[in-house]
Amino acid sequence: MKILAIESSCDETAMAILEGNSRSLKLKKNIVYSQANIHKQYGGVVPEVAARQHVETIIPVMDNLLGKSRLATIDYVAVTSGPGLITSLVLGVTAAKTLAWASSLPLIGVNHIEGHIYSNWLSNKKLVADDAKLFPALVLIVSGGHTELVLMKNHGDYKLLGQTLDDAAGEAYDKVAKLLNLGYPGGPIVSQMAKDGNPKAYTFPRPMIDRPDYNFSFSGLKTAVLYALEKKQQVSSQDVKDICASFQVALVEVLVAKTIKAAKEQGAKAILLAGGVSANDNLKKHLAQKAKEINLPFFYPDLKYTGDNAAMIAVAAYYNINHQRNKVLVGNKVFDLVPQANWQLV
Ligand code: KG4
Ligand code: ZN
């Protein structure tokens with residue numbers, strides 16, 4: 001089965017071609033055009049600017065993807081249809097509908113968060129070969145817009161255990177970076193700075209760590225960073241590193257504690273990490289350590305698939321089609337696919 005996938009839910013214009021069967025997933029092509037450099041000057045993604053950039057790049061990316069081969073060998077078109085910025089989603093969805101309709105190909109809408117979860121299948125052969133014994137798997141999704149603990153009971157069978165009540169983990173990194181004038185996106189810079197900082201220099205709160213539920217809250221942590229900064233007359237470069245390290249240790253401690261607690265209580269057979277923040281070495285290191293202590297296999301995506309990309313959307317589409325989940329649209333029905341900015345996975 002050969003799938004062409006499109007992802008445009010935020011500030012990446014991405015397309016991929018994936019060939020899948022029960023034994024292997026082969027990524028034939030994978031193009032990600034990131035707009036991060038454009039949004040940097042505004043300190044975050046500006047939806048209107050992102051949408052205009054998608055308009056400019058979507059056809060060149062498609063030309064680059066298909067080359068002379070065009071669509072002759074493609075079996076399905078897949079596209080992220082939510083959640084995300086509606087003005088960005090609409091571009092990818094329109095391109096996908098047009099492509100599917102003009103080429104008489106079936107079209108499938110994919111949930112972006114489910115795509116992040118399936119980035120693990122792209123990166124770990126073990127999952128593709130034999131995932132049945134790893135269910136139920138506990139998934140920690142940490143991105144710029146989401147922080148969720150999900151119990152994946154099988155392909156397409158999810159139970160939401162908890163989520164952030166305010167800021168997402170990636171959002172907390174981005175906001176702390178903004179407070180420290182470190183630029184956008186904040187995650188990579190803050191985690192880099194944290195490497196040379198003292199994580200004990202500041203005692204920031206570990207929000208909701210002792211609560212029995214699986215929810216998170218990170219806005220107070222960001223505010224604690226703001227108060228620490230306001231107390232200082234001058235902020236040295238070492239102060240910045242120490243704040244980054246102290247912030248990160250607090251955030252990682254909460255994420256890891258809640259994930260391990262959920263894995264134990266829910267009888268999970270594996271732990272999976274997904275989303276942009278899964279690029280974070282410190283989070284991976286601590287989660288790997290704790291998963292080992294409770295004898296659970298731990299999976300995380302390769303660095304190149306942690307951020308938004310269309311390869312993960314193609315993999316999610318592959319499993320959706322195989323398990324007859326999301327509706328595959330054909331003929332004029334492709335126009336029924338509507339982008340949903342707030343599409344909840346569960
Ligand atoms: O999944 P993603 O690419 O986009 C969304 O779907 O939101 O996640 C982007 C988020 C940003 O908030 C970014 O700062 C964060 O992931 N991020 C990181 C790291 N790399 C990216 N956060 C912490 N450490 C990193 N190394
Ligand atoms: Zn994402």
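Which of the 20 residues around ligand 1 come nearest? Gly144, Asp174, Gly187, Gly276 and Asn280 do. The close-ups below start there.

This is a predicted model, in which local features need pLDDT of at least 70, side-chain atom pairs count only at pLDDT 80 or more, and totals for chains, interfaces and linings use all residues. Residues are numbered from 1 along each chain as its sequence is written, chains are lettered from A and ligands numbered from 1 in the order in which they are written, and side-chain values use heavy atoms, with hydrogens and water left out.

View 1. A residue is near the ligand if one of its heavy atoms lies within 4 Å of it. H4, H6 and helix H7 (186–194) each supply at least two shell residues. H7 gives the largest share, 4 residues. Helices (H or I, at least four residues) and strands (E, at least two) are DSSP runs, numbered from the N terminus. By class, the shell holds 5 nonpolar, 13 polar and 2 charged residues. Here Ala, Val, Leu, Ile, Met, Phe, Trp, Tyr, Cys and Pro count as nonpolar, Asp, Glu, Lys and Arg as charged, and the others, Gly among them, as polar.

View 2. A backbone N or O atom of glycine 144 lies 2.8 Å from a ligand oxygen. For glycine 145, a backbone N or O atom is 3.4 Å from an oxygen of ligand 1. Aspartate 308 uses its side chain: an N or O atom there is 3.4 Å from a ligand oxygen. Taken alone, ligand 1 exposes 550 Å², and the protein buries 85% of that. These areas come from the Shrake-Rupley method with a 1.4 Å probe.

**View 3. Tyrosine 118 and tyrosine 319 form a stacked pair.** A search of the whole structure finds 10 aromatic pairs. Their ring centres are 5.0 Å apart and their planes at 15 degrees for tyrosine 118 and tyrosine 319, so this pair is stacked. Rings of Phe, Tyr and Trp (its six-membered ring) pair if their centres lie within 6.5 Å; planes under 30 degrees apart count as stacked, over 60 as edge-to-face and the rest as tilted. Tyrosine 118 sits in helix H4 (residues 112–123) and tyrosine 319 in helix H11 (residues 311–322), so the pair ties together parts that are 201 residues apart in sequence. Both tyrosine 118 and tyrosine 319 are buried. Buried means under 20% relative accessible area, exposed over 50%, partly exposed in between (1.4 Å probe, protein chains only). Ring pairs link Tyr118, Trp121, Phe135, Tyr318 and Tyr319 into a cluster.

**View 4. Tyrosine 173 meets phenylalanine 247 edge-to-face.** The ring centres of tyrosine 173 and phenylalanine 247 are 5.1 Å apart, with planes at 85 degrees. Tyrosine 173 belongs to helix H6 (residues 169–179) and phenylalanine 247 to helix H9 (residues 237–265), so the pair ties together parts 74 residues apart in sequence. Tyrosine 173 is buried, at 2% relative accessibility. Phenylalanine 247 is buried too, at 0%.

View 5. Asparagine 37 is found in helix H1 (residues 36–40). At 61% relative accessibility, asparagine 37 is exposed. Its side chain joins that of lysine 40 through a polar contact of 3.2 Å. A polar contact is a pair of N or O atoms within 3.5 Å; within protein, one must be able to donate a hydrogen and the other to accept it, and residues adjacent in sequence count only if both atoms are side-chain atoms. Proline 185 lies in the loop between H6 and H7. The peptide bond from tyrosine 184 to proline 185 is cis, with omega near -10 degrees.

**View 6. Serine 104 has a positive phi.** The value is about 50 degrees, although serine 104 is not a glycine. Serine 104 lies in the loop between H3 and strand S5 (107–111). Serine 104 is exposed, with a relative accessible area of 65%.
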